[in-house]
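This briefing concerns a protein chain and the ligand placed with it.

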Amino acid sequence: MVYSSIENPGLLKVLSFLKSHNTEYLSGQDLSDVLKISRVAVWKHIKKIKELGYSIESKQKLGYKLTSNTDLPLPWEITQGLKTKLIGKQMFYFDKVDSTQNQAIKMAENTQNNGTVVIAKKQTSGKGRMNRKWVSPEGGIWLSVIFHPKFNISMVTLFPIASATALCHAIENTSKIKPEVKWPNDVTINGKKVAGILVDATLESNKIESIVLGVGINYNVDTNEIKKKIDSTGNFYGIESLKNFQKDLSLVNFIQEFLIQLEEMFNLLNEGNIKKIIKDWTKRSSTLGKNVELKTHQGIIKGKAVKIDNDGALVIFNKKNFRVLAGDIFHLTN
Ligand code: BTN
């Protein structure tokens with residue numbers, strides 16, 4: 001089932017009325033009269049609102065009262081008061097979907113969907129980097145963002161680096177957590193993965209048609225359950241869940257902050273202000289300065305991680321400099 005502010009106007013009418021009168025009971029008849037919808041429609045919306053995780057107390061003869069908000073990342077909760085110009089202005093929420101990335105890729109063909117966010121409670125075929133599966137149970141933040149950027153094709157490989165940095169900013173601005181980035185685009189806490197980033201770009205005669213950014217954040221997940229399900233693909237180095245570090249982290253605030261930071265990064269890329277992105281990433285990097293082993297399509301490279309180039313390539317020194325744009329990295333003890 002998919003929800004958005006556009007697709008659920010009736011439900012939203014009832015919900016916002018309940019929210020603005022949450023100190024009193026409202027009868028089905030009152031709701032029906034004020035909102036000019038049938039009593040059956042009122043009842044159906046109330047049922048759905050409850051299913052979406054809001055608590056509504058119903059008392060015979062008195063009616064309904066909203067007693068608590070939902071824990072789900074519902075589009076109207078996130079878009080309300082969201083201080084971005086583009087990202088998240090349109091948002092779709094799935095209670096269950098194969099992959100938000102697949103959905104967003106389909107929607108990306110339409111340029112009107114620039115900045116649209118697709119988010120899901122759980123994914124049945126979540127996709128990770130290097131064609132791996134991404135275990136996506138309830139409790140995580142699984143989202144994809146559609147972009148139709150103006151910037152040059154050479155920026156595509158920097159895009160995931162910029163997005164990982166935006167995510168770090170969001171974590172830092174909403175909690176006391178000090179996240180790090182692990183090349184190419186993992187976000188970690190205490191050396192364990194808390195989020196991963198995937199970028200699917202559609203290119204047309206040397207121009208970017210669209211970029212779909214997929215972000216998987218272990219927000220409030222059972223790390224042991226996920227660990228059990230992850231195939232031993234060889235690149236597992238431990239996972240973490242954000243809420244284990246900051247119990248009072250608000251889901252809505254956190255997602256809003258991430259979208260704001262993402263938009264800032266996107267603007268920097270559009271302005272060609274690469275230096276700031278590289279500097280911000282470098283400051284948080286757990287990879288640079290370490291001896292590493294990199295598995296690439298061309299083979300294994302060992303050496304010392306020196307820096308990232310303007311296109312996000314990792315520079316490794318072993319008698320000479322090697323530039324690597326994609327691969328799996330293993331931090332070796334120094
Ligand atoms: C990685 O391998 O580190 C990247 C993982 C990206 C997972 C996210 S979850 C939302 C979006 N939909 C998907 O199917 N994958 C990405």
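By class, the shell around the ligand consists of 10 polar, 6 nonpolar and 4 charged residues. Here Ala, Val, Leu, Ile, Met, Phe, Trp, Tyr, Cys and Pro count as nonpolar, Asp, Glu, Lys and Arg as charged, and the others, Gly among them, as polar. The model is predicted: local features need pLDDT of at least 70, side-chain atom pairs count only at pLDDT 80 or more, and totals for chains, interfaces and linings use all residues. Residues are numbered from 1 along each chain as its sequence is written, and side-chain values use heavy atoms, with hydrogens and water left out.

- Of the 20 residues around the ligand (a heavy atom within 4 Å), S99, Q123, K127, R129 and K193 come nearest.
- The side chain of Q123 places an N or O atom 2.9 Å from a nitrogen atom of the ligand, a polar contact (a pair of N or O atoms within 3.5 Å).
- R129 uses a backbone N or O atom, 2.7 Å from an oxygen atom of the ligand.
- In K193, an N or O atom of the side chain is 2.7 Å from an oxygen atom of the ligand.

- The protein buries 98% of the 420 Å² that the ligand exposes when taken alone (Shrake-Rupley method, 1.4 Å probe).
- Two or more residues of the shell come from each of α5 (100–107), β6 (141–147), β9 (192–204) and β10 (207–217); helices (H or I, at least four residues) and strands (E, at least two) are DSSP runs, numbered from the N terminus.
- β9 gives the largest share, 4 residues.

**Domains**
- The chain is divided into domain 1 (2–68), domain 2 (75–284) and domain 3 (291–331), with bounds from an automatic or database domain assignment.
- The centres of domain 1 and domain 3, taken over C-alpha atoms, are 56 Å apart.

Notes
Polar contact = N/O pair within 3.5 Å; in protein donor to acceptor, adjacent residues only side chain to side chain.
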